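Me: I would like to learn how to read a protein model. Can we go through one together, feature by feature?

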Amino acid sequence: MKSAVPYLQVAAAMLIVGSFIIVNKMIVRTFPVFLASELRLLTGAIIMTLLLLAREGRFPTLTKKDWVVLFFQSFIGVFLFSFFMLYGLTYTTALESGIITSMTPVMVGLISLLFFRERLRWNQTAGIVCAVLGALAINIFGGMFNTSWSLHTLWGNLLVLLAVAGEGVFLTFGKLVSKQVSPIAIATMTSLLGSAFFLPFAAYNAASFDFAAVSATDWLLVLYTGVVITVIATILLNQGMAKISAGSSAAFTALMPLSTIVMSALFLHESFFWYHFLGIAFVFAGIAFATLPSSRTKRNAPVAAQPKGYEGL
């Protein structure tokens, strides 16, 4: 049973991350986008700071390069990610957003090619093609056969895709941070920096926002995003992925969109059309191709490196 714990930790983390879209779809009905993001990140930053100080006793010593990398990680992978995702959710459904966000592994491969000049293997290329076909299927057939589908939906899906690109940048640029900086330290720093980026915009939202009108349920949803999604999911992911192979951990990414899709039907009662199945099939095929280990990986079967603070959410 002990050997199954890391797999259960990663699975639980992916299911929690999948709820991010559903919960924020509810939150943006009440809170402005900037204020909602600030409350989530500030809550997460406070908790992560306390955990960091309890575990390591101090903030990490960062080089100039580390600061630059963390700045771009936080701005693109936290600030812009949240901005695009939350605004996208005001125009499109959680269901379609969940399908699009499942393209993250494929986006990571594409960004690795563009920014790190890493050659794509045939399976990574096939994964990108499949993911693109999945996104096209949702938007083209949605426009043709769904009467409630509009250009607003297309715009929302585009914003979500930009959020996926931000997450891809966050995950790939983490390779550039010094190895002596721990994952919990990086997660803490990106939460603090992300909170700082949102602060002036959130303050502007807060000046005209009626906090007294917010229900207890909405406050609990905000607390859930700050504690469960931002902190607990990160810790579970860090602990689990440090003990299982890279190929196995990558395969668990499929649980994230599945979680979103199921919860969008259960909690938001969103309609599911045949072209969604087609899009899911293409995107999942893309995930399968993109996470297929190379022959070298199969021979050596390395343990996955501990992720550098999976905190793009």
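Me: How many Å² does the accessible surface of the protein chain come to, and what share belongs to carbon and sulfur atoms?

Reply: Start with the method. Accessible areas come from the Shrake-Rupley method with a 1.4 Å probe, and for residues only the protein chains shown count as cover. Here the accessible surface of the protein chain is about 14400 Å², and 71% of that belongs to carbon and sulfur atoms. Keep in mind that this is a predicted model: local features need pLDDT of at least 70, side-chain atom pairs count only at pLDDT 80 or more, and totals for chains, interfaces and linings use all residues. Residues are numbered from 1 along each chain as its sequence is written, and side-chain values use heavy atoms, with hydrogens and water left out.

Me: How many helices and strands does the protein chain have?

Reply: Helices (H or I, at least four residues) and strands (E, at least two) are DSSP runs, numbered from the N terminus. The protein chain has 13 helices and zero strands.

Me: What share of the residues counts as buried?

Reply: Buried means under 20% relative accessible area, exposed means over 50%, and partly exposed lies in between (1.4 Å probe, protein chains only). Of the 313 residues in the protein chain, 52% count as buried.

Me: What share of the contacts joins residues at least 24 apart?

Reply: Contact means heavy atoms within 4.5 Å. Take the contacts in the protein chain between residues at least 6 apart in sequence: 92% of them join residues at least 24 apart.

Me: Which residues touch the most other members of the largest nonpolar core?

Reply: A nonpolar core is a set of buried Ala, Val, Leu, Ile, Met, Phe, Trp, Tyr and Cys residues joined through side-chain atoms within 4.5 Å. The largest one has 53 residues, and F20, I27, F31, M85, L86 and I99 touch the most other members. Helix α1 (residues 5–27) gives this core its largest share, ten residues. There is also a second, separate core of 13 residues, including L52, L62, V69 and A187.

Me: Is G18 buried or exposed?

Reply: Find its place, then its accessibility. G18 is in helix α1. G18 counts as buried because its relative accessibility is 0%. Leaving aside neighbours within four places in sequence, G18 is in contact with M256, S259, T260 and M263. G18 and T101 are 83 residues apart in sequence, but 9.3 Å apart in space, C-alpha to C-alpha.

Me: And which residues does N24 touch?

Reply: N24 also has its place in helix α1. N24 is buried, at a relative accessible area of 3%. Not counting residues up to four places away in sequence, N24 touches L86, L89 and T225. M85 is 61 residues from N24 in sequence and 8.9 Å away in space, C-alpha to C-alpha.

Me: Where is Q73 found?

Reply: Q73 is found in helix α3 (residues 64–89). Q73 counts as buried because its relative accessible area is 0%.

Me: Where does G174 lie?

Reply: G174 lies in the loop between α7 (151–173) and α8. G174 is buried too, with a relative accessible area of 3%. G174 and Q73 are 101 residues apart in sequence and 7.6 Å apart in space, C-alpha to C-alpha.

Me: How many Å does helix α2 reach from its first C-alpha to its last?

Reply: The expected span of a helix is 1.5 Å times one less than its number of residues. Helix α2 (residues 33–56) has 24 residues and reaches 33 Å, close to the 34 Å expected. Just after α2, G57 takes a positive phi of about 80°.

Me: Which residues of α5 are buried?

Reply: First, a general point. An α-helix has 3.6 residues a turn, so residues three or four places apart point the same way. In α5, the buried residues are T104, P105, V106, M107, G109, I111 and S112. Helix α5 covers residues 104–116 and reaches 17 Å, close to the 18 Å expected. R117 follows α5, with a positive phi near 55°.
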